[in-house]
Amino acid sequence: MAPPLLLLLLASGAAACPLPCVCQNLSESLSTLCAHRGLLFVPPNVDRRTVELRLADNFIQALGPPDFRNMTGLVDLTLSRNAITRIGARAFGDLESLRSLHLDGNRLVELGTGSLRGPVNLQHLILSGNQLGRIAPGAFDDFLESLEDLDLSYNNLRQVPWAGIGAMPALHTLNLDHNLIDALPPGAFAQLGQLSRLDLTSNRLATLAPDPLFSRGRDAEASPAPLVLSFSGNPLHCNCELLWLRRLARPDDLETCASPPGLAGRYFWAVPEGEFSCEPPLIARHTQRLWVLEGQRATLRCRALGDPAPTMHWVGPDDRLVGNSSRARAFPNGTLEIGVTGAGDAGGYTCIATNPAGEATARVELRVLALPHGGNTSTEGGRPGPSDIAASARTAAEGEGTLESEPAVQVTEVTATSGLVSWGPGRPADPVWMFQIQYNSSEDETLIYRIVPASSHHFLLKHLVPGADYDLCLLALSPAAGPSDLTATRLLGCAHFSTLPASPLCHALQAHVLGGTLTVAVGGVLVAALLVFTVALLVRGRGAGNGRLPLKLSHVQSQTNGGPSPTPKAHPPRSPPPRPQRSCSLDLGDAGCYGYARRLGGAWARRSHSVHGGLLGAGCRGVGGSAERLEESVV
């Protein structure tokens, strides 16, 4: 009978425990051990009476409500070092007795509001070593009163649900190390009276707001649980904002300062209290005054320097703090933007920069110019639009009948991109606050406004479109009669003009440059040709002188033009020189005798000799007279 009973017992045990797991029934609790089993999901046939379930070191990727349904007695659930990326809503909804939940070493990126709903008695929650970047504000709401240990270390958290963490009165240990937290809200730990360990190591905290919690670290007798605080590895900015923490005197820690430059690298607790200083705000630049048309966007800018960085605020003309609304928006960098301006937005605005060392203020004046509302510039539908300036304003001007003799508005000196607008002084009885020029072109129907002071009667329009037609109207703006009245406008006149095309100017410039270039080129060729011709004559003349006896020409006394030649005068006899003397008129090598004109005449004389070879031959042979008396022919 023993073998059948043994088989029956084994069969009953196999049915109660999943096949790859090991089940242990110790006293009245049942433990199901499924670690290192290569599981891809939670075994569906786990005994619902299990008290301890270990599913660590597997390959489970997702959790859902069916995985732990009806396991109301489960106390310890370990899911460490799996590949969990998603936790469905109320996946732990039936685990009302759960005390410890280990989800460390997984791939969780986000925790929604319903991801951890159900375990109302949870005391230990371990979420370290994931990739959490966001935790919903209500993710911990079901166990705020019971949680004692919370581990969120080694994640990618920039923000945590501070409101929920601050409402955990039983919390003993809070690990937030190795995250991306760059700021702590003031009073975040004020209600955590039982907190004994706070780890903020290796975050991005530059400063810590004062909190009564930190003072318990040095006064162990007065506090029920002395605090162990760790915040090393943060880029601490050691200025007056951290002076309260420096006074806690914790010389056993190794925190260092990252800034300012004079304190960088020094141990936080070794820096004297007097070196924890701040700089009051200084407004570096801001908008002095701004004029906008009614309905346009107004942007007021204010930039301030200081240590720490000042907080910027704006006070409106009504002495009230300007906050974000549907019409206005104040940015942290000191910019105030009013989306659609109205007459009530005009006035003086005050920029205020504050930090712990003091405050600085600057005033900005905003003027809102009302759009034309008069009968001459409006149609039945209301204000003129961007495209009806030529129809409404110009038609009204023509209807007045006062512009026939001389136009009130003229556009002269028109170029491709500019034009000079001129107008007369108008009627002296009407006070003028300023002039407003409105114009648009055929290329772009957008209406452009220009504001001109009342003392001016000329305005140069620039950046116009070449070869375009423009319609322009001039309006005079008069001060309002009362605070609630609109600015009065009066049409002075309109004009139509066309800008010149841009191509003729380019062609003229190109022709001018081309003509100058050709002139220089032709001149250069002529000079070079003359130089080459002169050098050739020089070389030829020297070659002729070296190949035959030099000629000795007498000085010519007179030149005949066809008449009888005068009888030359006889010269007294003289002894022949050792070598024939050359006349300076033909000696091109002697630069000291004559100038360039005489040397050039000598060159032409040599050319003449070559043409009249008979004379040269007779001179060389002594025929026709003495060689000393050869007369130069003039060509």
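Between which two strands is the loop that holds Pro308 found? In this predicted model, in which local features need pLDDT of at least 70, side-chain atom pairs count only at pLDDT 80 or more, and totals for chains, interfaces and linings use all residues, Pro308 lies in the loop between strand E20 (302-307) and strand E21 (311-315), strands (E, at least two residues) and helices (H or I, at least four) being DSSP runs numbered from the N terminus. Residues are numbered from 1 along each chain as its sequence is written, and side-chain values use heavy atoms, with hydrogens and water left out.

Most residues other than glycine have a negative phi, and most peptide bonds are trans. The bond from Asp307 to Pro308 is cis, with omega near 5 degrees. A cis peptide bond also joins Ser259 and Pro260, with omega about 0 degrees, and Pro260 is placed in the loop between strand E16 (257-259) and strand E17 (279-286).

Positive phi values were computed for His36, near 60 degrees, and for Arg81, near 55 degrees, neither of them a glycine. His36 belongs to the loop between strand E2 (29-33) and strand E3 (52-54), and because its relative accessibility is 60%, His36 counts as exposed; the classes are buried under 20% relative accessible area, exposed over 50% and partly exposed in between, with a 1.4 Å probe and protein chains only. Arg81, in the loop between strand E5 (76-78) and strand E6 (86-87), has 43% relative accessibility and therefore counts as partly exposed.

A search of the whole structure finds 10 aromatic pairs, for which rings of Phe, Tyr and Trp (its six-membered ring) must have centres within 6.5 Å, planes under 30 degrees apart being stacked, over 60 edge-to-face and the rest tilted. The rings of Phe268 and Phe276, with centres 5.5 Å apart and planes at 75 degrees, are therefore edge-to-face. Both Phe268 and Phe276 are buried, and together with Phe231 and Trp269 they form one aromatic cluster.

Ser418 is located in the loop between strand E26 (409-412) and strand E27 (419-423), and with 15% relative accessibility Ser418 counts as buried. Leaving aside neighbours within four places in sequence, Ser418 is in contact (heavy atoms within 4.5 Å) with Glu413, Leu460, Leu461, Lys462 and Leu464.
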